[in-house]
Amino acid sequence: MAKKFIDVMDTTFRDGFQSVYGGRVLMNDFFPAVEAAKTAGINHFEFGGGARFQSLYFYLREDAFEMMDKFRKIVGPDANLQTLARGVNTVMLDTGSKELIDLHAKMFKKHGTTTIRNFDALNDVENLKYSGERITHHGLKHEVVVTMMDLPPGCHGAHTVDFYEKTLREILDSGIPYDSICFKDASGTSNPHKVYETINMARKLVPEGTHLRLHTHETAGVSVSAYMAALEAGVDGIDMAASPVSGGTSQPDILTMLHATKGLDFDLGGLEIDKILSYEKELQSCLSDYFVPPEATMVSPIIPFSPMPGGALTANTQMMRDNDILDKFPEVIAAMQEVVEKGGYGTSVTPVSQFYFQQALNNVMQGPWNAIAPGYGKMVLGYFGKTPVEPDPEVVKIASEKLGLEPTTENALDLANADETKSLQHAIDKLKEEDIEITEENIFIAAACQDKGIAFLKGEGELNIRKISEMKNDCEGSSNMGNGSYTVVVDGQKFSVQVAEGDADIQVTAVNGESAATSAPMPSASGDELDIKALLPGNVWKIVANPGQSVNEGDVIMILESMKMEIDVVAPRGGVIKSINVATNDKVVEGQVVAVLG
């Protein structure tokens, strides 16, 4: 009897990169490994979408559409190239209008995509209807998704086999066109028994011949067992990655699964061990200069208590490294349990996983529920769709007060359509303002990536990757730090300072008379001044108030950007702004005085 053929999707170049490097790998560095994977007989790749769309514009100064075109050229016309989409969010963290959802499918088809795996983190089937219809309309295969995880201990009401059956029945009854069905566990927390029962349930429920897949991560240490359970229950496809971006926060390694299925009646994609060994050797060479965060290679026994997806975990820890607050990570992970419990049990996968993390970070840095992350607040208020269970009423009340929004039961897509800033015309107007060419690609980049997309299109994008050689150069250079010219800020004024060893003649001059403040600081009139400090490290995104301006308690003075969040810096009481001590785009650290209130 012939072995059952199991379709294998290689997630190395999308989820693997996201899970280990936060998506920050340059295309020309990894393309030789794509060629090696093709030579090894792999014909199904996850090659874009999800967080690997925005990350190219945010951190790599690369065009995702160009990367996709070049990837297709390497693997040839017959390969199944798959991307990841988030229902009404497509590849964004916020919801999109019908125009943007349609343009997403159109552009991804144009640039080489075969299949789009399409999920909603809340398992709100309403969020899958239009997106799925447009994916099919533009000639793409639609892989519709049920998202999974295990709830923290003591939590009940969702993420059971019955809950997944209910969701799957809603998908089947809705008439959403699909070519395959995936059960996706981004946190890798679903226990193997539940996986077996879920796939077994689905196999009985769906029409004969329906292609069923399981996607998981090794984060909690049960991924291989989960895949084995899925195979025994009748799954048709699984996702795997290649070393060094396998295991840990990523998918199980291809070689590991080939070993685990020895002697069983499963043929994993017709793959051969010696060819995969050659492929992995090439991949390791391509990525040898990239810094691998230690947490990316770890299995964490506490993840089931605070389900953080592998693809989000390293992205968040890398941002915490950048902001010098990585020491807070254990506290944030611990705080996630309460955030999940009170948030309505949305699956911990982007964007909900990011909402969970941002709210947990707020609870650690600013005190429990003193500040509401905008995404988390909008989720519990209903702006992203219906959560699996009702969120905690007190948290809903706090979110409504903090964000100035009323709870809603309106369809998320209808809300997005009514928002003029989510129209194609709004993106076109932004391109026109910056004198950028109006193309469908540029429209989507501007809409999906906002200001950072515009910066990329203007040639001003940020390059932020972590290569070992560059880190060594930085360390070697640090021994000579002190010599050279620097700009310092004293009482709101910028000065150019020359620093040299020995008894050198050092010059200190004003920098073109420029002030670091939006205007000169106001003189102190009394001792009743209050320093306003940054609660989180980040960048100054926008300064709202000016020195001399009267403000009321709670008025926004400036907005910081930190950890993908916009953080309002507000007046703790009424008064007059004496000084603004930072400028737009300045980096600030936790506790830094950013303004003085009199």
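Me: Which helices each supply at least two residues of the lining of the largest cavity?

Reply: In this predicted model, they are α1 (12–21), α3 (51–59) and α12 (310–322), where a helix is a DSSP run of H or I with at least four residues, numbered from the N terminus. Local features here need pLDDT of at least 70, side-chain atom pairs count only at pLDDT 80 or more, and totals for linings use all residues. Residues are numbered from 1 along each chain, and side-chain values use heavy atoms, with hydrogens and water left out.

Me: What makes a space count as a cavity?

Reply: On a 1 Å grid over the protein atoms alone, a cavity is a set of points where a 1.4 Å probe fits but cannot get out, and lining residues have an atom within 4 Å of a point. The largest cavity holds about 330 Å³, a volume being the space filled by probe spheres set on the points, which are joined across faces, edges and corners. Its lining has 26 residues, with Q18, A51, R86, G311 and T350 nearest the centre, and α3 gives the largest share, five residues.

Me: Why are α5 and α19 called oblique to each other?

Reply: The axes of α5 (residues 98–110) and α19 (residues 440–457) come within 10 Å and cross at roughly 125°, with axes fitted to C-alpha atoms over the stretch in contact and angles running from 0 to 180 degrees between N-to-C directions. Angles under 35 degrees count as roughly parallel, over 145 as roughly antiparallel, 65 to 115 as roughly perpendicular and the rest as oblique, and α5 and α19 are therefore oblique.

Note on methods
On a 1 Å grid over the protein atoms alone, a cavity is a set of points where a 1.4 Å probe fits but cannot get out, and a pocket is an open set with protein on both sides within 12 Å along at least five of seven lines; lining residues have an atom within 4 Å of a point.
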